[in-house]
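Please examine the sequence and the structure shown below before reading the report.

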Amino acid sequence: MKKHKAHNQEETLLQRMQDTYSNCTTGVDGHCITCSDQALPARILSVDEACGIALVEIADEQTEVDVTLLDHLEPGDMILVHGGTGISLYTERT
């Protein structure tokens with residue numbers, strides 16, 4: 001039961017993130033017309049605070065991103081990644 005609740009909270013969080021950033025002006029390909037990139041939700045897997053790099057999961061793929069703009073990240077946090085850089089923290093901590 002606890003696992004199901006966490007999954008539903010995650011889906012709600014992802015939908016809220018998508019809704020927040022749906023106001024970006026996009027071109028024909030759906031990318032931002034300013035920088036030709038799109039922001040994507042990512043789950044923090046691990047953080048190397050000394051280097052300012054986090055291992056994240058985006059759409060079932062793992063990658064490293066710069067997180068020097070964000071403070072106090074923990075595994076499980078959801079962030080918004082744009083151009084290889086974490087730009088916003090979206091986590092409902094209890």
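The report that follows moves from the whole chain to single residues.

## Overall architecture

The model described here is predicted. Its protein chain contains 1 helix and 5 strands.

Of the 94 residues in the protein chain, 23% are buried. The accessible surface of the chain amounts to about 6,600 Å², and carbon and sulfur atoms account for 50% of that surface. When contacts between residues at least 6 apart in sequence are considered, 35% of them join residues at least 24 apart.

Strand S2 covers residues 53-58 and strand S3 covers residues 61-66. The two strands run antiparallel and are joined by 6 bridges. One example of this pairing is leucine 55, whose bridge partner in S3 is glutamate 64.

S2 and S3 form a hairpin, with 2 residues between the strands. Alanine 59 lies in the turn and has a positive phi of about 50 degrees.

In soluble globular proteins, nonpolar side chains tend to be buried together. In this model, the largest nonpolar core has 11 residues: Ala42, Ile44, Ala54, Val56, Ile58, Val65, Val67, Leu70, Leu73, Ile79 and Val81. Strand S1 (40-48), S2 and S4 are the elements that each give two or more residues to this core. The most is given by S2, with 3 residues.

Residues up to four places away in sequence being left out, alanine 42 touches Val56, Glu57, Ile58, Asp77, Met78, Ile79 and Val81.

How many salt bridges does the count come to? The count comes to 1 salt bridge. In this salt bridge the side chains of glutamate 57 and arginine 43 meet, at 3.9 Å from N to O. Glutamate 57 belongs to strand S2 and arginine 43 to strand S1; the pair is 14 residues apart and links distant parts of the chain.

Are these two residues buried, partly exposed or exposed? Glutamate 57 counts as partly exposed because its relative accessibility is 27%, a value between the limits of 20% and 50%. Arginine 43 has a relative accessibility of 24% and therefore also counts as partly exposed.

## The loop between S3 and S4

Strand S4 spans residues 78-82, and glycine 76 is placed in the loop between S3 and S4. Aspartate 77 is found in this loop as well. Glycine 76 has a relative accessibility of 40%, so it counts as partly exposed. Aspartate 77 has a relative accessibility of 2%, so it counts as buried; the cut-off for a buried residue is under 20%.

The surroundings of the two residues can be described in turn. Apart from its neighbours within four places in sequence, glycine 76 is in contact with Arg43 and Ile44. Glycine 76 and glutamate 57 are 19 residues apart in sequence, and their C-alpha atoms are 9.9 Å apart in space. The side chain of aspartate 77 reaches the backbone nitrogen of glutamate 74 at 2.8 Å. Aspartate 77 is also among the residues touched by alanine 42.

Note on methods: Residues numbered from 1 in each chain as written. Predicted model: local features only at pLDDT ≥ 70, side-chain atom pairs only at ≥ 80, totals over all residues. Heavy atoms only, no water. Helix = DSSP H or I, 4+ residues; strand = E, 2+ residues; numbered from the N terminus. Buried < 20%, exposed > 50% of the residue type's maximum accessible area, 1.4 Å probe, protein only. Contact = heavy atoms within 4.5 Å. Areas by Shrake-Rupley, 256 points an atom, 1.4 Å probe, with all protein chains shown as cover. Pairing = 2+ DSSP bridges. Polar contact = N/O pair within 3.5 Å; in protein donor to acceptor, adjacent residues only side chain to side chain. Core = buried A, V, L, I, M, F, W, Y, C linked by side-chain atoms within 4.5 Å. Salt bridge = Lys/Arg side-chain N within 4 Å of Asp/Glu carboxyl O.
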